[in-house]
Amino acid sequence: MSGLSRRALLAGAATALPLWRSGPARAAGEERHGLSSFGDLKYPADFPRFDYVEPMAPKGGTFSTQIATTTGNQSFETFNTLNIYVLKGDGAAGMDLTFDSLMTRALDEPDALYGLLARSVSISPDGLAYRFALRPQARFHDGSRLTARDVAFSIRTLKEKGHPRIAQVLRDVADAVPEGDEAVTVTFAPGRSRDLPLIVAELPVFSEAYYRTRDFEGSTLEAPLGSGPYQVGRFEVGRFIAFERVRDYWGADLAVNVGQNNFDEIRYEYFRDRDVAFEAFKAGAFTWREEFTARVWATGYDFPAASEGRVKRETVPDATPSGTQGWWFNLRRPVFKDPRIREAIGLAFDFEWTNQNLMYGAYTRTASFFENSDLKAAGMPSEAELALLDPFRGKVPEEAFGQPWVPPRSDGSGQDRSLLRRADTLLREAGCTREGGQLRLPDGQPLAFEFLDSTPVFQPHVQPFIKNLSLLGIRASSRIVDPAQYQSRLKDFDFDVIAARFGGSVTPGAALREVYGSRSAATPGSQNLAGISDPAVDAMLDRIADAGTRADLTVACKALDRCLRAGRYWVPMWYSGTHRLALWDVYGRPAALPKYGLGAPALWWHDAAKARRIGRG
């Protein structure tokens, strides 16, 4: 198996927010049609379309799949609310399709954004004020005009009432002030992170008028008013949700949308069991699947539709950082306070045996927090890396100043005695003692913990791990709970060890603080599941957020990688540098997909001729 992603108020909501300055800060400067972290843009102001789209892609048909990545409060197994931007509830897949943002990403550049709702942006000389000029034709789905007041309301609301993962990132947004209907100026606190303006430019824009009579923070099954290319169609809670293409979508002809949003319907199916989901795919209940299970990819595609060519498979290179997938220790638990204990636990996981016997040799062991990228630390630190690390000598493990830590290779037996002996030595150095078959912590308490999950997908991997831990005298167990309880326990950090994956970025920025920063460690609902709280890590996160050049960013990421790897905060799992796609042969796509994404479903389309050939016309 592979990288499984884990991972307002009542009436008068707008007036209940804090008071904001009535006069806008000035964002004098040349108008720009796009933004990027370091100022480099591929496309000129008058570009007709992105290079990677098919401008003549036909409209029609259905794209049907499962949710593959989550944001906000979304869950992989179920949903019970259509509000994904708050902490409450389990959010439905695809809701981002219904909202537009000020700018939108180009998938053939590392981090460039181009105007969507905003036709241009002007930046003040000090970089603390961004004035976004809006397109006058922008409309919500009810026909009402989308104005600067809606943009300002959305930024304020997400900062004050949004999911902690959003609100924490927005804390250095100082102000958002509309200038009539036509423009909004967003100001930032001094010292704001480099990429915060880009984050703001990609936020969803809500209707202020709509939320005057609705609770923004509430869990709801009422489809919110949006302005995006799709709107909520039919759905059954916990089973499926469909989105209908907005036929009179205001932004359909913009350069950033040419050749995109081609399906009449986009539908997400939900299954609580991955084997059941695969059977549904085989039967054609949904037709586009990214395969995350190596066993299924190797042995499962011998069913009639695949043998007859009605289901196609392809492997697409993945040029983005692979993300960080592993079992994360909850450092809030006393049992995991000592890094020697954490390392010893990790030594009981035999990746080589697991890869060959359970995953058909399909994966590479993850070592870095920036795997599959040039941000990964390797060899001895450079002078530039040492300049960042040296102030923390004596405060971080000396290992951070040498060769970066990598998980050792086992002999592939499933029970490598040399690694288990090393683990036993570490446990004894940490003050643990053995009483019969039970290992005890220095305070006399048994060394015991629980793996928590909401799906049995990792059980084949966990059980041999637990068996090896028992040989060390560690009493480990595994518990699977229902999705609602799982999400609740995650939000409250009520777990011992949890399997999760955080996606990677070509241009990491302030969002990393949400995963590794001290502030987020104490924020319920944050992505800092491990509870990492370390001044050296915080300092590297600041360097990453403030990097002025890509070279500076690379150095800071490598220094952070060294600190995190030395901390033993997780038991790293595995990664693959490809996407494995299985799809019923009803789809068309651009001949060359963009470097930084599959572009599905936005760039793909329904091929009616193919569908007729396989009897699905």
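This is a predicted model: local features need pLDDT of at least 70, side-chain atom pairs count only at pLDDT 80 or more; totals for chains, interfaces and linings use all residues.
**Packing of α8 and α11**

- Two packed helices are described by the angle between their axes and the distance between the axes.
- On the α8 side, the contact is made by R340, I341, E343, A344 and L347.
- Helix α11 contributes L419, R422, A423, L426, L427 and E429 to this contact.
- By class, the contact of α8 with α11 has seven nonpolar and four charged residues, with no polar ones.

**Packing of α16 and α17**

- Helix α16 (residues 535-546) packs against helix α17 (residues 550-567) at an angle of about 160°, and their axes lie 8 Å apart.
- That angle makes α16 roughly antiparallel to α17.
- The crossing of α16 and α17 is left-handed.
- The α16 residues in the contact are A536, V537, M540, L541, R543 and I544.
- Those from α17 are L553, A556, C557, A559, L560, C563 and L564.
- Twelve nonpolar residues and one charged residue make up the contact of α16 with α17, which has no polar residues.

**Largest cavity**

- Rolling a probe the size of a water molecule over the atoms shows where empty space is left.
- The largest cavity holds about 130 Å³ of space.
- Its lining comprises 18 residues, and G346, L347, R365, W405 and P407 lie nearest the centre of the cavity.
- At least two lining residues come from each of α8 (339-347), α9 (351-358) and β21 (570-572).
- L347 of α8 takes part in the contact with α11 and is also among the residues nearest the centre of this cavity.
- The lining divides into ten nonpolar, two polar and six charged residues.

**Second largest cavity**

- About 60 Å³ of space lies in the second largest cavity.
- The residues that line the second largest cavity are W327, F451, L452, D453, T455, F458, Q459, V462, S478, R479 and A499.
- β18 (448-453), α12 (459-471) and β19 (475-480) each supply at least two residues of this lining.
- Of the elements in the lining of the second largest cavity, β18 gives the most, with three residues.
- By class, this lining has six nonpolar, three polar and two charged residues.

**Backbone features**

- Most residues other than glycine have a negative phi, and most peptide bonds are trans.
- A600 and P601 are joined by a cis peptide bond, with omega at about 5°.
- P601 is located in the loop between β24 (587-588) and β25 (605-606).
- N261, a residue other than glycine, has a positive phi, near 55°.
- The loop between β10 (240-245) and β11 (265-269) contains N261.

How values were computed: Residues are numbered from 1 along each chain as its sequence is written. Side-chain values use heavy atoms; hydrogens and water are left out. On a 1 Å grid over the protein atoms alone, a cavity is a set of points where a 1.4 Å probe fits but cannot get out, and a pocket is an open set with protein on both sides within 12 Å along at least five of seven lines; lining residues have an atom within 4 Å of a point. Grid points are joined across faces, edges and corners, and a volume is the space filled by probe spheres set on the points. Helices (H or I, at least four residues) and strands (E, at least two) are DSSP runs, numbered from the N terminus. Ala, Val, Leu, Ile, Met, Phe, Trp, Tyr, Cys and Pro count as nonpolar, Asp, Glu, Lys and Arg as charged, and the others, Gly among them, as polar. Axes are lines fitted to C-alpha atoms, for helices over the stretch in contact, and angles run from 0 to 180 degrees between N-to-C directions. Angles under 35 degrees count as roughly parallel, over 145 as roughly antiparallel, 65 to 115 as roughly perpendicular and the rest as oblique. A crossing is left-handed if the near helix is turned anticlockwise from the far one by less than a right angle, and right-handed if clockwise. Contact means heavy atoms within 4.5 Å.
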